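Here is a short briefing on a protein model. Please look over the structure first, then read the points by topic.

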Amino acid sequence: MNRSGSGRDALGFATSRLIRHSAEREHLPLPDREAPDSLHVLLVGGDVLLRAGRPETCLLGPAQRRAAAGPAIDVFLGTLDERPVFAASLPAEAAASFPEPDFRTSDLRWLAVEGSVEPHELGLLATAKSLLTWHARHGFCANCGTPTEIRAAGFRRECPNCGTHHFPRTDPVVIMLIRDGDRCLIGRGPHFPEGMYSCLAGFLEPGETIEDAVRRETAEETGIRIGAVRYHACQPWPFPSSLMIGCVAEAESRDLVIDPAELADARWVDRVELATLFARTHPEGIFAPQPMAIAHLLLRNFLDGRL
């Protein structure tokens with residue numbers, strides 16, 4: 001698909017040059033973590049460690065990995081430009097080994113908003129963050145409770161007692177641009193930044209299709225009936241590990257019945273009003289999501305007549 005002008009290149013976490021080598025994890029030895037050309041991504045207290053530069057980078061050398069003393073979870077992500085890439089999760093106190101101004105730490109979400117690293121590094125960071133968070137939360141076998149062991153370069157945990165294999169999970173989320181002719185539906189979650197309106201979204205449930213999830217979530221949150229649903233784009237969302245599945249949905253009803261447990265507000269807007277959200281000139285001070293979010297892409301493509 002030709003992405004030019006669509007805004008997809010601005011999506012946070014959606015671009016990655018990482019070669020994963022997934023077919024080789026089981027039977028080939030791991031690359032040397034100490035190799036001079038090895039690259040290391042370090043999460044310190046959950047935040048990303050960055051080295052100063054123009055642009056900044058999350059890709060560090062083996063010397064920085066050695067400098068970070070203390071307990072850690074280490075995984076092999078793959079290769080980048082034929083160089084092995086490792087990721088490690090370190091305790092917050094490890095930040096003392098990396099003083100400013102040569103280094104700083106950043107929340108991953110804010111890092112995507114400010115755009116201070118190359119886009120392909122954000123995609124790599126999405127893999128690192130999701131995988132390391134999964135390891136931190138799944139140290140015990142869900143079948144028998146025994147501490148599990150890291151296998152397959154970090155992409156599997158295995159129980160030494162009952163032999164159960166545990167794999168990283170990705171939670172699918174539908175996020176939808178709901179159309180009614182020249183209008184679209186926007187909403188505010190109770191947890192949103194004050195004034196921000198976005199697309200509706202929700203998790204898929206077991207045994208549910210994408211289309212049915214779009215219809216169910218929309219009906220639950222706003223009472224709107226949905227007809228046709230089509231896929232538009234997707235975005236990895238490593239908080240902790242979701243895949244945002246962007247869809248376009250056609251409304252079959254118009255009257256809103258808002259569930260206050262799900263939404264603080266929802267409204268129909270036409271393209272003229274939607275343009276004021278992007279320009280931040282709306283008389284009520286409301287605005288659209290940041291460009292790094294897939295909701296921004298969906299709303300912008302509708303505003304520009306692409307949806």
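In this predicted model, five strands form an open sheet with mixed pairing. Their order is E3-E4-E1-E2-E5. On average, neighbouring strands of this sheet are turned by 30° against each other, direction ignored.

**The sheet and its helix**

- Strand E3 (73-80) and strand E5 (103-106) are the edge strands, and each pairs on one side only.
- E3 pairs with strand E4 (residues 83-90) in the antiparallel sense, over seven bridges.
- Within this pairing, leucine 80 stands opposite arginine 83 in E4.
- Helix H3 packs on the sheet. The strands that H3 touches are strand E1 (39-44), strand E2 (47-51), E3 and E4.
- The direction of H3 makes about 150° with that of E3.

**Nonpolar cores**

- In soluble globular proteins, nonpolar side chains tend to be buried together.
- Here the largest nonpolar core has 55 residues. Val41, Leu77 and Leu274 have the most contacts inside this core.
- Helix H3 (residues 119-137) gives the most to this core, with eight residues.
- Another core, of 18 residues, lies apart from the largest one. Among its members are Ile178, Leu204, Val214 and Ile245.
- What does leucine 274 touch, leaving aside neighbours within four places in sequence? Its contacts are Cys184, Val269, Leu299, Phe302 and Leu303.

**Histidine 296**

- Histidine 296 sits in helix H6 (residues 294-303).
- Is histidine 296 buried or exposed? Its relative accessibility is 14%, so histidine 296 counts as buried, the cut-off for buried being under 20%.
- Leaving aside neighbours within four places in sequence, histidine 296 is in contact with Phe278, Pro289, Gln290 and Pro291.

**Salt bridge between glutamate 56 and arginine 104**

- The whole structure holds 22 salt bridges.
- One of the salt bridges joins glutamate 56 to arginine 104, with the closest N and O atoms 2.8 Å apart.
- Glutamate 56 lies in the loop between E2 and helix H1 (62-67), and arginine 104 lies in strand E5, so the pair ties together parts that are 48 residues apart in sequence.
- Glutamate 56 is buried, at a relative accessible area of 13%.
- Arginine 104 is partly exposed, at a relative accessible area of 26%.

**Salt bridges of aspartate 180**

- Which residues form salt bridges with aspartate 180? Arginine 183 is one partner, at 2.7 Å from N to O. Arginine 254 is another, with the closest N and O atoms 3.0 Å apart.
- Why does the bridge to arginine 254 tie together parts that are 74 residues apart in sequence? Because aspartate 180 lies in strand E9 (residues 171-180), while arginine 254 lies in the loop between strand E13 (242-251) and strand E14 (265-270).
- Aspartate 180 counts as buried, at 15% relative accessibility.
- Arginine 183 is partly exposed, with a relative accessible area of 30%.
- Arginine 254 is partly exposed as well, with a relative accessible area of 39%.

**A salt-bridge network**

- Glu205, Glu208, Arg216, Glu217 and Glu220 are joined into one network. The links are salt bridges that share partners.

Note on methods
Residues are numbered from 1 along each chain as its sequence is written. This is a predicted model: local features need pLDDT of at least 70, side-chain atom pairs count only at pLDDT 80 or more; totals for chains, interfaces and linings use all residues. Side-chain values use heavy atoms; hydrogens and water are left out. A nonpolar core is a set of buried Ala, Val, Leu, Ile, Met, Phe, Trp, Tyr and Cys residues joined through side-chain atoms within 4.5 Å. Buried means under 20% relative accessible area, exposed over 50%, partly exposed in between (1.4 Å probe, protein chains only). Helices (H or I, at least four residues) and strands (E, at least two) are DSSP runs, numbered from the N terminus. Contact means heavy atoms within 4.5 Å. Two strands pair if DSSP finds at least two bridges between them. Axes are lines fitted to C-alpha atoms, for helices over the stretch in contact, and angles run from 0 to 180 degrees between N-to-C directions. A salt bridge is a side-chain nitrogen of Lys or Arg within 4 Å of a carboxyl oxygen of Asp or Glu.
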